[in-house]
Amino acid sequence: MAVPPLRDVGPATKDAASGRTLLAASATTLTYDASADHVRVIDGQLHEIASVRTPAGCAFGDYGGGSLLWYCTAAATATATGGFSGVVYDVGTRTTAQLPVAAGPHDALGGSPTWWTIGTHWLGVAYIANGPQSYAYVNRTTGQVVTYAKVSADLRANPRATLDLDRADLAQPLCSPLRAQAPGGSVPTPFAYLRPYGATLSHSKAGTRLLVGHCGARRMTVLSRCAKGCGDPAIGDHAVAWLEGAGDLHPSSAHLRVRLLDRSRTWSWSVTLPRRFSGSDQDPLVAVIGRRAFVLVAGKLQSVQLPAVKR
């Protein structure tokens with residue numbers, strides 16, 4: 001089967017307030033900045049679910065648990081703590097909720113607390129400074145605060161789980177032989193998991209490798225040795241997608257790779273990446289929803305329909 005071309009979904013741009021280029025997805029829906037002041041939500045068949053205006057003075061932060069999250073820098077400038085307030089928009093009910101200034105004092109690096117990520121049960125607070133970021137998590141219902149140190153210790157004690165803001169206990173169990181990399185830095189290592197498959201980047205002194213595993217297999221296997229760098233993987237229905245060759249600080253081009261796990265084939269396309277500012281280099285540009293892969297390239301969102309799962 002010949003590799004099909006990437007097709008344009010529509011224009012995409014950087015967030016006007018933050019300069020970030022961000023693609024945020026769940027298992028069934030995807031969000032991106034369709035214009036400087038609108039965030040668009042679509043499904044895997046490219047149907048538009050919502051187009052939401054970005055609140056004044058705010059920057060798009062994340063999508064999760066059926067909600068859009070913005071952190072609002074303009075409103076924060078007059079606060080005594082220097083932290084950022086936020087806005088949550090529930091896509092299903094089309095209702096908006098205001099978040100107060102993110103809780104917590106400045107961290108040891110002088111970082112300002114910022115609403116950064118969202119799930120069904122938890123909000124993530126990032127302490128942004130001129131150095132590594134640190135995190136804490138706030139329960140959306142009770143207001144309980146869990147530090148990253150606590151989450152890190154729990155995940156180290158149970159490598160058969162990965163961080164998940166959609167779960168009440170913050171931990172998604174993984175089937176064997178899948179193992180999340182023990183988080184040793186300030187940011188949890190993302191683990192893409194959609195049973196029966198999981199994929200993650202493994203970092204060691206020998207370099208970075210992209211690993212994939214299947215429930216019940218003997219071990220995880222190497223998808224790529226990432227000689228020129230790999231982005232975090234995204235997983236869909238029997239498919240894993242990632243960017244390769246994007247290891248430079250500000251790469252202008254890379255290869256989108258999609259592994260069809262049911263067919264043991266890898267498809268590849270050369271893509272031109274958006275220009276990114278220095279703090280956004282880890283924002284995701286790739287997603288998979290069902291059997292459709294997406295990538296944010298310069299000025300637009302593109303996608304490719306993958307063949308039906310081979311049974």
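Which residues does Leu301 touch, not counting residues up to four places away in sequence? In this predicted model, Leu301 touches Arg7, Asp8, Val9, Gly10, Ala12, Leu23, Leu30, Tyr32, Ile42, Phe294, Val295 and Leu296.

## Nonpolar cores

Leu301 belongs to the largest nonpolar core, which has 31 residues. Leu301 is one of the six members that touch the most other members, together with Leu23, Leu30, Leu243, Leu256 and Val258. Two of these, Leu23 and Leu30, are also among the contacts of Leu301 listed above.

The elements that give two or more residues to this core are strands: S3 (29–35), S21 (239–244), S22 (253–260), S23 (265–272), S24 (286–289), S25 (292–297) and S26 (300–305). Strand S25 supplies the largest share, 5 residues. Another core lies apart from this one and has 16 residues, including Phe84, Val146, Tyr148 and Leu165.

## Disulfides

The model has 3 disulfides. With the bonded cysteines numbered in sequence order, the pairing is 1-2, 3-4, 5-6.

Cys58 and Cys72 are joined with an S to S distance of 2.1 Å. The angle about this S-S bond is 95°, and the link of Cys58 and Cys72 is right-handed.

## The left-handed links

The disulfide between Cys175 and Cys215 has an S to S distance of 1.8 Å. The link is left-handed, with -85° about the S-S bond. Cys175 is in the loop between strand S15 (171–173) and strand S16 (191–194), while Cys215 is in the loop between strand S18 (207–214) and strand S19 (221–224), so the pair ties together parts that are 40 residues apart in sequence.

In the disulfide of Cys226 and Cys230, the sulfur atoms are 2.2 Å apart. The torsion about the S-S bond of Cys226 and Cys230 is about -100°, so this disulfide is left-handed too.

## Burial of the cysteines

Cys175 counts as buried at 10% relative accessibility, and Cys215 counts as buried at 14%. For the remaining pair, Cys226 is buried at 8% relative accessibility and Cys230 is buried with a relative accessible area of 15%.

Conventions:
Residues numbered from 1 in each chain as written. Predicted model: local features only at pLDDT ≥ 70, side-chain atom pairs only at ≥ 80, totals over all residues. Heavy atoms only, no water. Core = buried A, V, L, I, M, F, W, Y, C linked by side-chain atoms within 4.5 Å. Buried < 20%, exposed > 50% of the residue type's maximum accessible area, 1.4 Å probe, protein only. Helix = DSSP H or I, 4+ residues; strand = E, 2+ residues; numbered from the N terminus. Contact = heavy atoms within 4.5 Å. Disulfide = S-S within 2.5 Å.
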